[in-house]
Amino acid sequence: MAAPAVGSSASTKVLRVLALHGYWQNEHSFRERTGALRKNLKNRAELVMISAPLTIPEPGEAQHVDPEDPEKGDGQREDPRGWWFSDPEKNSFNALDETQSCSGLEESLDAVAKAFSELGPFDGILGFSQGAAFAAMLCALKQQGDLRFQFDFAILVAGFKSRASDHSRFYKDPITVPSLHVFGDTDRVIPGDLSQELAAHFVNPVLLTHSGGHYIPVCAAQKKVYFPFLDSFRR
């Protein structure tokens, strides 16, 4: 599609974007953590939050705690949710797990399909960490003709490629959905090379790096990329 000129008077549409939180978060905690982003995008995009359907069990001593956020005590453990479990036996998740099979993904796909049906339409999707990895799968399904998921673009923050064998179907063909990939140089949870690996599966991805860690950046340098990217879909 042809992109209108940035700042064009014709670009008045406020985009509706489905926002998918990270592992150990939910729609409420993600809303709190994206306050600055929502404020800066309010004239361009409305973020619609939903919670993942999978409830994360209380971690045992041997399980990973909060693998997508090293910070503790920030309220994220209240009703923690996830989009899939890389270890079906423990109902736990680690982005680096190389497994034959996972659990929970179909429930999450059904939940997002319901959101598209009941809360949509959506112009785009935004995902953070596990939510970004999941959003990339939605992009692949859209390209494969899954009519449940109709949107124009994706913003993937701290995303990664799932290493589960039964998820390989999402990466077989180049993904043509327009995409913006955001990742931090000092992210210790999802290192930048994992996000670049995911971006390599997209055709002409837009890459945006920042000097910080595992969060969604909203400084002037990032807005210079966010705004033109979003404006190209405001028609």
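Visitor: Is Phe-183 buried or exposed?
Guide: This is a predicted model: local features need pLDDT of at least 70, side-chain atom pairs count only at pLDDT 80 or more, and totals for chains, interfaces and linings use all residues. Residues are numbered from 1 along each chain as its sequence is written, and side-chain values use heavy atoms, with hydrogens and water left out. Buried means under 20% relative accessible area, exposed over 50%, partly exposed in between (1.4 Å probe, protein chains only). Phe-183 has 4% relative accessibility, so Phe-183 counts as buried.

Visitor: Which residues is Phe-183 in contact with, leaving aside neighbours within four places in sequence?
Guide: Phe-183 is found in strand β7 (residues 179-184). Strands (E, at least two residues) and helices (H or I, at least four) are DSSP runs, numbered from the N terminus. Contact means heavy atoms within 4.5 Å. On that basis the partners of Phe-183 are Gly-192, Ser-195, Gln-196, Leu-207, Leu-208, Thr-209 and His-210.

Visitor: How far apart in space are Thr-55 and Asp-79?
Guide: Thr-55 is found in strand β3 (residues 54-55). Thr-55 is partly exposed, at a relative accessible area of 48%. In sequence, Thr-55 and Asp-79 are 24 residues apart; C-alpha to C-alpha, they are 7.1 Å apart.

Visitor: Which residues have the most contacts inside the largest nonpolar core?
Guide: A nonpolar core is a set of buried Ala, Val, Leu, Ile, Met, Phe, Trp, Tyr and Cys residues joined through side-chain atoms within 4.5 Å. The largest one has 72 residues, and those with the most contacts inside it are Trp-84, Val-112 and Phe-134. The largest share of this core, 10 residues, comes from helix α4 (residues 130-143).

Visitor: How are α3 and α4 oriented to each other?
Guide: Axes are lines fitted to C-alpha atoms, for helices over the stretch in contact, and angles run from 0 to 180 degrees between N-to-C directions. α3 and α4 pack at about 70°, with their axes 12 Å apart. Angles under 35 degrees count as roughly parallel, over 145 as roughly antiparallel, 65 to 115 as roughly perpendicular and the rest as oblique. α3 and α4 are therefore roughly perpendicular to each other.

Visitor: Which residues in α4 do Leu-105, Ser-108, Leu-109 and Val-112 meet?
Guide: Those four residues lie in α3. Val-112 also touches Leu-18, Leu-20, Ile-50, Trp-83 and Phe-149, among others. On the α4 side the residues met are Phe-134, Met-137, Leu-138 and Leu-141.

Visitor: Which parts does the pair of Phe-116 and Phe-149 tie together?
Guide: Rings of Phe, Tyr and Trp (its six-membered ring) pair if their centres lie within 6.5 Å; planes under 30 degrees apart count as stacked, over 60 as edge-to-face and the rest as tilted. Phe-116 and Phe-149 are edge-to-face, at 5.8 Å centre to centre and 80° between the planes. The pair links parts 33 residues apart in sequence, because Phe-116 lies in helix α3 (residues 105-119) and Phe-149 in the loop between α4 and β6 (153-157).

Visitor: Where does the charged end of Lys-161 sit?
Guide: A charge sits over a ring if NZ of Lys or CZ of Arg is within 6 Å of the ring centre and within 35 degrees of the ring normal. The charged end of Lys-142 sits over Phe-151, 5.7 Å from the ring centre. For Lys-161 the distance is 5.2 Å, and the charged end sits over the ring of Tyr-171.
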